[in-house]
Amino acid sequence: MISQPLTLPCGHTIKNRLIKAAMTEGLADKRDDATIGHQTLYKTWSEGGAAVLITGNIMVDRRYLERAGNVVVEDESGLAQLKAWAKATHQGNSELWAQISHPGRQCPRLVNTQPLSASDVQLNMIANFGKPKPASREDLQDIIQRFGNTARILKQAGFDGVQIHSAHGYLLSQFLSPITNKRQDEYGGSLENRAHLLLQVIASVRQAVGDDFPISVKLNSSDFQKGGFSEEECLQVVDWLNEARIDLLEISGGTYEQLEFLQQSAEETRASSLKREAYFLSYAEKIKQVAKMPVMVTGGFRTLQGMNDAISAQHTDVIGLARPFCLAPDLPKQLISQDLALLDDQAKHLVLGKGYWGPASSSKSMQALNNQAQAGWYYHQIERLAKGQNSNEKYSVRKALFAHLSNDFKRAIKRKFA
Ligand SMILES: Cc1cc2nc3c(=O)[nH]c(=O)nc-3n(C[C@H](O)[C@H](O)[C@H](O)COP(=O)(O)O)c2cc1C
């Protein structure tokens with residue numbers, strides 16, 4: 001049942017099985033520090049009853065962001081703001097875990113025209129991403145050390161756990177995938193080599209935070225791309241993670257090129273997964289056979305029954321929810337008290353219409369624009385919650401697209417001149 005506590009391998013107990021999955025906030029100031037917006041947003045969410053709130057991407061290197069507006073933690077200069085964020089969250093009753101991340105090639109040109117990746121395979125999306133530089137050995141040593149250092153500072157600031165982002169086509173996921181990793185050294189080629197960086201990053205983080213601090217890893221069940229990181233490879237990596245002393249494995253899937261993790265809604269998924277609503281659940285079932293650590297599945301959970309069934313059947317230990325939190329910040333309380341049986345996230349309505357824009361799925365660039373519009377719509381809700389306002393379900397998806405593109409542009413320019 002979703003209301004049951006869960007004790008993690010590090011000995012730490014979380015109070016129930018509902019976790020808010022990471023959603024990038026875009027609320028940092030021009031120095032990439034956390035703001036009062038983070039405090040308001042997370043205090044609101046924390047009063048909603050989730051066991052854990054996982055932050056959006058917190059970047060380990062100021063040069064490489066997923067988006068201008070990301071918080072960066074690479075030294076102690078923003079410690080006071082991080083402490084205020086953790087303190088505000090703890091006024092409610094949820095824990096705060098930081099998702100720590102490096103975007104690799106998924107770093108927009110506005111932030112850096114030459115991102116860093118496993119190899120020089122460029123992300124081709126509306127010309128928004130530069131050709132990456134393959135990371136040198138020194139770069140890799142630096143990245144490993146940065147993940148540890150960022151985790152150490154976040155623990156010092158009062159965060160209750162960290163999550164290493166190794167999914168959705170970000171740097172660690174780029175190393176895992178044969179499409180983006182063409183290296184010939186000990187970080188490329190065999191799966192063992194491609195997983196080397198992830199395992200070294202986990203070891204660095206564990207060393208930095210000690211034995212009793214929760215560490216989660218977010219991993220793709222698959223990239224859902226021909227020739228990419230596959231389901232079989234995922235199972236092997238999970239087996240290695242069993243030895244890596246992690247406390248919670250979050251299962252997701254897809255990359256910027258294949259946005260599997262943002263499927264529209266349960267109604268639009270295949271019949272087989274519709275039965276169990278959450279689209280990665282069938283993969284998670286296999287992962288659970290291998291995983292010795294608790295597993296969290298995120299993506300598509302929308303009914304109380306679906307969540308409780310998935311836990312009872314031991315297909316997952318924890319339910320990850322993201323988009324519904326933008327509209328109903330207190331949904332864990334409502335689910336646990338059984339006042340709410342069905343969550344609505346509006347995703348299925350968020351399609352740029354025909355006529356003016358053309359059919360939503362007519363071309364790759366149209367799909368990319370549509371995805372940006374959807375992301376912008378959720379960003380708008382997050383920004384409202386961060387100002388202490390209620391969400392606005394009526395917000396236009398076209399407006400969301402323009403607002404998101406222009407806000408990210410303005411933020412990127414501001415930080416360049418900061
Ligand atoms: C606005 C938005 C921002 C997101 N940002 C992140 C992020 O920073 N890190 C991450 O791992 N996933 C991110 N995701 C993906 C979610 O964590 C989650 O995997 C996805 O939304 C599917 O879950 P859901 O169906 O409950 O929304 C984001 C999703 C949305 C909608």
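A residue counts as buried here if 20 or more other C-beta atoms, placed from the backbone, lie within 10 Å of its own. Keep that in mind as we walk through this predicted model, in which local features need pLDDT of at least 70, side-chain atom pairs count only at pLDDT 80 or more, and totals for chains, interfaces and linings use all residues. Residues are numbered from 1 along each chain as its sequence is written.

Now look to either side of β13. Strand β12 (residues 248-252) runs parallel to β13 and is joined to it by three bridges; strands pair if DSSP finds at least two bridges between them. Here I251 stands opposite V297. Strand β14 (residues 318-321) is also parallel to β13, again with three bridges, and G320 is the bridge partner of T298. From β13 the chain passes through helix α10 (residues 304-312) to β14 in a right-handed β-α-β crossover, meaning that the path runs clockwise from the first strand over the helix to the second when the strands point away from the viewer.

Stepping back, the protein chain holds 14 helices and 14 strands. Its C-alpha trace spans about 55 × 50 × 45 Å along the principal axes, and 52% of its 418 residues count as buried.

Methods
Helix = DSSP H or I, 4+ residues; strand = E, 2+ residues; numbered from the N terminus. Buried ≥ 20, exposed ≤ 12 C-beta atoms within 10 Å, placed from the backbone.
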